[in-house]
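Dear colleague,

Please find below the structure that I am handing over to you. My notes on it follow directly after.

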Amino acid sequence: MLRQSLISLLVLVVAAALYVFLVPGSTETLSRFGIQLPLPAAEPSPQGGGQGGGQGAGQRQGGARGGGRPMVVVTAPVVMGTINDRLTAIGEGAAAHSVTVVSPANGTLAELLVRPGDTVAAGATLGHLDSAVEQIAFERAQLAFDDARTALERVRELAGANNATAVQVKAAELAFNNARLELQGADLDLKRRTIVTPFGGTVGLFQVGPGNTVTAQTVVTTIEDTSELVISFWVPERYAGAISPGMPITAGAVALPGVALAGEVSAVDNRIDPASRTLRVEARIGNESGRLRPGMSFSVSMSFPGDSFPTVDPLAIQWSSSGAYLWRYADEKVERVPVEIIQRNSDGVLVKADLAAGDQVVTQGVQQLTAGASVRLLDTPAGGPGGGQNGERGGGQGGGQGGGSRQSANPS
């Protein structure tokens, strides 16, 4: 009960104080009811109030007419950014020269002279097919050739002594030539019983072994010349006009992290793939150490001149019905500059606009800006009459003089 009484009393005291200080003529009203307060009359004299209020208001209005406080903004410099200056693609490596070795004839594989992984020179023998029949045919052709050559020599000696006619000489020459062709055919059949490599390289796994019957289309093994690797990769069509043979590339193998491999473009396709809108490119890299293998995947990088555009802070971009724009700051004023957005990056926006590197654009405080408005930077003190700190001092003097006039009127 006592607590409620104290709260009620406190509310009454607060209400009375508010009535005395906020309601004009409250002191005279209370005095008519016999309540005298030791407070001076709150109503100012017309002359003092007019002078004080008018002078204070006049000075405050003067501060507003002087331009008020200039809007405070934050700016960021324009930098130049480059796009389309680097290309990265994934490609697959292949041997510079590769061949699938097949059996040159039908027969049975008699022996293999090399093992998978061996390095062989061009023309090296990899194995033999059974060749007994071909060997006999070759020896028979050799005997026939030797006999035809001896007969031709004898007929020519007789013709020199006028003991053989020209017809006999022609017949002997024909027999000799036929025997020579038979010998060449037999020699060719015998050579086809030997499996050789057309160029040097590394021998792959064998698909057949000794004792297997093979045909002229049976795959025996593969030979890979890995002294160089050819990397095939695809690039977007916008780079089609910028890539040409001889351009340098940098490749990195997934199997060899951190190792950069230098190479150059060796071939460019003559058409764009219509399905993927990409262009096939081939590049060569050296492999003297033999660490790279055909079929490896590679990350290929290429550098280009690229296109340069002004880059601005994303906060500087504003939008209106006519498109994007920003505010450029110069000489304590702002200028509206229309922009065309080229690309958005994590650290800035590339735009096409009348901007140069080093220009200052407004990033904060853009909501109330108008073309040609006077502004100041956040870390720059305000100056000049009617603005910033000077404007605040002008308003304070007006209020002080007005208050002094009211106090001088109260005693009267």
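A residue is called buried under 20% relative accessible area, exposed over 50%, and partly exposed in between, with a 1.4 Å probe and protein chains only. This is a predicted model, in which local features need pLDDT of at least 70 and side-chain atom pairs count only at pLDDT 80 or more, whereas totals for chains, interfaces and linings use all residues. Residues are numbered from 1 along each chain as its sequence is written, and side-chain values use heavy atoms, with hydrogens and water left out.

**Confidence.** The mean pLDDT (the predictor's confidence in each residue, from 0 to 100) is 82, and 80% of the residues reach 70 or more. Where pLDDT is low, the predicted coordinates should not be read in detail.

**Aromatic pairs.** Rings of Phe, Tyr and Trp (its six-membered ring) pair if their centres lie within 6.5 Å; planes under 30 degrees apart count as stacked, over 60 as edge-to-face and the rest as tilted. The structure holds three such pairs. One of them joins Phe 145 and Phe 176, tilted at 35° with 5.2 Å between centres. Phe 145 belongs to helix α4 (residues 132-160) and Phe 176 to helix α5 (residues 166-191), 31 residues apart. Phe 145 is buried at 11% relative accessible area, and Phe 176 is buried at 17%. Tyr 239 and Phe 304 have ring centres 5.0 Å apart and planes at 35°, so this pair is also tilted. Tyr 239 is buried at 6%, and Phe 304 at 11%.

**Nonpolar cores.** A nonpolar core is a set of buried Ala, Val, Leu, Ile, Met, Phe, Trp, Tyr and Cys residues joined through side-chain atoms within 4.5 Å. The largest has 25 residues; among those touching the most other members are Phe 233, Ile 249 and Ile 285. Strands β3 (86-102), β10 (219-236) and β13 are among those that each supply at least two residues of this core. Another core, apart from it, has 15 residues, including Val 114 and Ile 195.

**Sheet.** Four strands form an open antiparallel sheet in the order β7-β6-β4-β9, where strands pair if DSSP finds at least two bridges between them. Strands β7 (194-196) and β9 (213-214) stand at the edges with a single partner each, so one side of each lacks a neighbour in the sheet.

With kind regards
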